Amino acid sequence: MIDFTFTEEHKMLRDVARKFTDQEVRPRAAEIDEKEEAPLDIIQKAAGLGFLGVVFPPEYCGGGLGEIGYCILLEEIARGCNSTAVIIGGHQSLGAMAIYLAGTEDQKQHYLRPLAEGKKLATFALTEPGAGSDASSMTTTAEKHGDCFVLNGNKTFITNGNIADVLVVFALTDPQKRAHGGITAFIVEKEWKGFRAGKPEKKMGIRGSHTTSLFFENVEVPRANVLGGVGEGFKVAMQTLDVARVSLAAQCLGASKEMLDLSIKHANERVQFDKPIAEQQAVQFMLADMAADIYQVESILYRTAWMVDQGLPFGRESAICKLAATDAVCRVADRAVQIHGGMGYMREYPIERLYRDARVNRIFEGTNEIQHLVIAKTLTKKGTY
Ligand code: CAA
């Protein structure tokens, strides 16, 4: 049996998230972008509604709404403000998710519960100045000293870097082995001596989501804060990214729908040559292409989220979702600007911000070139689709 309907709980979540976005998020989006400030008051309200732990089970104070619920949430939030969605994503899809996937029961009780409740924020520190797509070429080290590991090194381009309380940090414990057993994940608290976050970077888009460097200078991490076992860190990172890429597609879907709706409205209202431009076939074709992109992304996204919730393998499908949704949102953004004409280029209108916000999606959480590698590897390894 194939059933594409959302459960009553999922529909309720969508309605609450949509109302929250309409009332609290969208009206602030332009100001958040302009001031380049992380909207911590909105994040606090989102926490109050349980939005920061929607994906996790109730035993860890989560909403128990699974990946499907989480995608519904991020889709709605991203309709209103991409920066806000990215802050929630960096926290829930990456930092907290790594602890949920790889943490011991004690780690989940101690760290995941307050993260799911939104009392604390999380981040995921993998990328370094010399280690982007080639994540295992990192130089941050963790040396064993008695019952501690001592962290030294720098991370770069870290979402929530300066607002997170809990950091999942990846470091070399065996430089010879690297991706194959030489990288370990650690849970680090922001107050620990020797840790410091840099200033937010100046970015093209998602300017209310802070992206910073992180500096670790002889940070002592207790053995109990190793996440997923010594040498297992690269797998922890890859497994977390596999899940995160699904919900990133949901953010792109939300932003795409917002841009299509704005474009339909504009096309119906804007009169040229004595009729609304929506009556011009050239504009109709653009609207139709946007809708086709959105429907394709929506279809593969919720199918893949369902696979995650069913415990089925989904690594390739997640990479396909990331690739398809991030390419689609950029095409949609381009067409939205074109339909809006000169107004689409002006900062007074939301399309200009949405266009800038869209671009990073093809870069972060694994560039689209890396998604091609991940997908192709599954094909050549298996020898068939
Ligand atoms: N799940 C579990 N294990 C996995 C895995 C997965 N999805 N992918 C790889 N592994 C395992 C492999 O099986 C292998 O295990 P063995 O040692 O047992 O053989 C090990 O990990 C190493 O795998 P590879 O040989 O494939 O590793 P690689 O060095 O060739 O790298 C890569 C593979 C896919 C290119 C990887 O480096 C990658 O994903 N790069 C992109 C990094 C990325 O996404 N960065 C984004 C940063 S986070 C971010 O952007 C967030 C933000 O702030 C918004």
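Predicted model: local features only at pLDDT ≥ 70, side-chain atom pairs only at ≥ 80, totals over all residues.

Me: Is Asn-82 buried or exposed?

Reply: Asn-82 belongs to helix H5, which spans residues 82–102. A residue counts as buried when its relative accessible area is under 20%. The relative accessible area of Asn-82 is 7%, so this residue is buried.

Me: How many residues apart in sequence are Asn-82 and Leu-354?

Reply: Beyond four places away in sequence, Asn-82 touches Ile-206, Gln-251, Ala-255, Leu-354 and Asp-357. The C-alpha atoms of Asn-82 and Leu-354 are 7.8 Å apart in space, while their separation in sequence is 272 residues.

Me: Is Tyr-345 buried or exposed?

Reply: Tyr-345 sits in the loop between helix H9 (315–340) and helix H10 (350–358). Together with Met-346 and Tyr-349, Tyr-345 forms a nonpolar surface patch with about 350 Å² of accessible area. The limit for an exposed residue is over 50%. Tyr-345 has 66% relative accessibility and is therefore exposed.

Me: Which residue has a side-chain N or O atom 2.8 Å from an oxygen atom of the ligand?

Reply: A nitrogen atom of the ligand lies 2.8 Å from a backbone N or O atom of Ser-133. For Gly-366, a polar backbone atom is 3.1 Å from a ligand oxygen. The side-chain atom that lies 2.8 Å from an oxygen atom of the ligand belongs to Lys-377.

Me: Which element gives the largest share of the shell around the ligand?

Reply: The ligand is surrounded by 23 residues. Strand S3 (148–159), helix H7 (233–269) and helix H11 (368–382) each give two or more residues to this shell. The largest share, seven residues, comes from H7.

Terms used. Residues numbered from 1 in each chain as written. Heavy atoms only, no water. Helix = DSSP H or I, 4+ residues; strand = E, 2+ residues; numbered from the N terminus. Buried < 20%, exposed > 50% of the residue type's maximum accessible area, 1.4 Å probe, protein only. Contact = heavy atoms within 4.5 Å. Patch = residues over 30% accessible without salt bridge, like charges linked within 9 Å, V, L, I, M, F, W, Y side chains within 5 Å. Areas by Shrake-Rupley, 256 points an atom, 1.4 Å probe, with all protein chains shown as cover. Salt bridge = Lys/Arg side-chain N within 4 Å of Asp/Glu carboxyl O. Near = heavy atom within 4 Å. Polar contact = N/O pair within 3.5 Å; in protein donor to acceptor, adjacent residues only side chain to side chain.
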